[in-house]
Amino acid sequence: MPVSYNESCRVFRLDTMNTTYLIGIVGKENFLGQIYYGPAVPDDDMRFLMRLEDRPWTPDSNPRERASFYDAFPFEYPAWGGGSFREPCLRVQDAAGGGNCELFYESHTILPGKPALTGLPAAYGTPEQCDTLEIICRDPILQLRVSLLYTVFRDSDVICRSVHIKNDGDTPLSLTAVLSASLELDNMDFDVITLHGSWAREREMDRRPLAHGKQEAFSLRGISSHQYHPFLALCEHTATQEQGLAYGMSFVYSGNFLAQAELDQFEKVRAVMGIHPDGFCWYLEPGEVFQAPEVLLVCSENGLGGMSRAYHDLLRNHLIRGQQKHRPTLLNSWEACYFDFDHDKLLELGQEAAKSGIEMLVVDDGWFGQRYNETTSLGDWYVNEAKLPGGLKRLGDELNELGVKLGIWMEPEMISPDSNLYRTHPDYAMTLPSRAPTLARNQLILDLTRKEVRDCVYSQIAAVLRSAPIVYLKWDMNRPLTDLYSSALPRERQGEVYHRYMLGVYELQERLVTDFPDLLLENCCSGGGRFDAGMLYYSPQIWTSDNGEAIDRLSIQEATALAYPFSSMGAHVTCCPCHINGRITPFVTRGQVSIPGCFGYELDISKLTAEERAMIPAQLEAYLLYGPIFHMGDYYRLASCTKNHSYDAVMAVSKDKSQAAVLYVQVISRAYRRSLRLLLNGLDGNARYRECKSGETRSGAAWMHGGLLLKDVQADFHSELIVLERVEI
Ligand code: DGJ
């Protein structure tokens, strides 16, 4: 049983494959405390970890010191008030303006399967796959009912946590903070890991010792953002890629977030994750409910690699819909011609694609309205017949005749001030009354909190998709949210706009994947500004970064793989010199670095050298053969250029351990170096494996402990794709 309750010690236990999580009901008032989360233990009663005997602090034994109790108790779901000075998950303002909230256990149920979270992306599972514990707590004064939900899958080391809040009273309340999960851990000499970045530098890893005080990553941009990431890990300072204790928190949400770890006066750590409280205030009328998004918790004794593999499996098996969909190799028009194309140019690209064996042409930005540059036409989702006479239908049909599929780009959440949509419905744009709107990339955001606005965009998207043989949609989003205000909401609900906007986006994408089940959706946000588990619920792949340059991509893909599988990362061979950083890298390396992800080209093939063009069929074949090992297999990071400043190596092993692939990149060559020894991982030690190029055959154990010798090559940016296949003995 992955979920159980021991009545004698009043302890709930959640058992994943390798970990245990214990929650206890404490004292006469029924406080709910987090007792233990870590490697599997058979004991239910680990209540000693709550240190209730350290001082006479429990309200039962010492009512005089209630505030001190609140200051130290490991609350399972901490609310603000009563001496709770650490970051709370819940803050409530009552009708009189008071702000205390106290939660006490009331009841619980263990449900087979996993209930869906209304309007939100979340992991899913059948009663055969998982069980869910629902613990109901109540504030008897506010009549606030708080349901804590925990799902445990039988085949996973992830625990899914979320919170559902209901106003059972007869006066309205305002929720000024609702975070989704908190962890209460003893400091094990932890490092904290967060991801930071910028446009074209999304997701670089920051690992630093956890210090007293609060360390956090956050977004207040209305998107999960390029700058920080809705992910946080705590690991032992000595933890390595494959050894040591590591905890992960990953948020299934795509808007504002807070991911925070605090080391307190008692050397305890509270780590919280949820919607950022700044700019958030949810008005709850009597009877109304609020559903907070889900957090995915992982604890691994096998270092960061163990944590990543747990996330990859959970996302692939229980969150990403369309994971099994074929991801066609593609040629994208953006870096090939930006806005400067017409029917003939696109057809020419399609012919090049057909000659090389690329499966799909994606017409990126520029096919609609009067979109000759970025100042205009977002919201006018009809074909520019001057550029594309006969429309997408003619183009699609002609491409199909060549054996090439058609994909298109849209940016449905936006409106250009210079557009017919804006001229007809200026009120559809999200702007503040009596203030000039804040432009970004010349565009404004649609107020997607409003149903009529969503319906208007959706009918346009659906009409375009029905008008032509379109099999793929790249859904872009190119600016942060500012000027938060919805003309459809009263004053007391304006604090709901950020989250209601996100719910609007989710509703649109849900409609899309329901109405067009065969469509392959790829999310994008000015590169990888909304690469998160929330968006992966709708699109099995996301554009990882506008920076497709192979060497910069190594660190972007490394940090992304911390929490997401390679099957989710859009990865294209882009122009050289790179349009973003000017670097010149070999075509072979650009191809091989993209092979682990969802492979494509984003350049004008006709401008390649004959030698480079000739390499394309072999690159496509390598992707078709070895891409699936990275997409579906177990991920091992063998070396990181961000650490050794010289070379990078990533490996994947198929689930049945019959195949393995290693991507090795010598970033900077090292003079007078002897061959480099790379220890492989994840193989069956007793089986024998043949390296496909050299034919060299050794036991899995020998590849893992003896390793692979990589010859010295006198070149920077040199890469090799090494493939091993199990041979029958
Ligand atoms: C930003 C995306 O990241 C690019 O790939 C491209 O689609 C442009 N937008 C188009 O405007």
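Helices and strands are DSSP runs numbered from the N terminus, a helix having at least four residues and a strand at least two. The views below show a predicted model.

**View 1. The largest pocket and the elements that line it.** The largest pocket holds about 390 Å³ of space. Its lining comprises 17 residues, and those nearest the centre are Thr 118, Trp 282, Val 289, Arg 500 and Leu 503. Helix α8 gives the most, with five residues. By class, the lining of the largest pocket has five nonpolar, seven polar and five charged residues.

**View 2. The largest cavity and its lining residues.** Eight cavities of 30 Å³ or more are present in the structure. The largest cavity, shown here, has a volume of about 90 Å³. Its lining is formed by Leu 32, Tyr 70, Phe 75, Glu 76, Tyr 77, Pro 78, Ala 79, Cys 101, Glu 102, Leu 103, Cys 137 and Leu 148. Ten of these lining residues are nonpolar and two are charged, while none is polar.

**View 3. The packing of helix α4 with helix α5.** Helix α4 spans residues 343-356 and helix α5 spans residues 391-402; their axes come within 10 Å and cross at roughly 20°. Angles under 35 degrees count as roughly parallel, and α4 and α5 are therefore roughly parallel to each other. The crossing of α4 and α5 is right-handed. On the α4 side, the contact involves His 343, Leu 346, Leu 347, Gly 350, Gln 351 and Ala 354. On the α5 side, these residues meet Arg 394, Leu 395, Glu 398, Leu 399 and Leu 402. The contact of α4 with α5 consists of six nonpolar, three polar and two charged residues.

**View 4. The packing of helix α10 with helix α11.** The axes of helix α10, residues 550-561, and helix α11, residues 587-594, come within 9 Å and cross at roughly 20°. That angle makes α10 roughly parallel to α11. The crossing of this pair, α10 and α11, is left-handed. Helix α10 contributes Ala 550, Arg 553, Leu 554 and Gln 557 to the contact, and helix α11 contributes Thr 589, Arg 590 and Val 593. Three nonpolar, two polar and two charged residues make up the contact of α10 with α11.

Terms used:
Residues numbered from 1 in each chain as written. Predicted model: local features only at pLDDT ≥ 70, side-chain atom pairs only at ≥ 80, totals over all residues. Heavy atoms only, no water. Axes fitted to C-alpha atoms, helices over the stretch in contact; angles between N-to-C directions. Parallel < 35°, antiparallel > 145°, perpendicular 65-115°, else oblique. Left-handed = near helix turned anticlockwise from the far one by under 90°. Contact = heavy atoms within 4.5 Å. Nonpolar A, V, L, I, M, F, W, Y, C, P; charged D, E, K, R; others polar. 1 Å grid on protein atoms, 1.4 Å probe; cavity = no way out; pocket = protein on both sides within 12 Å on 5 of 7 lines; lining within 4 Å. Points joined across faces, edges and corners; volume = space filled by probe spheres on them.
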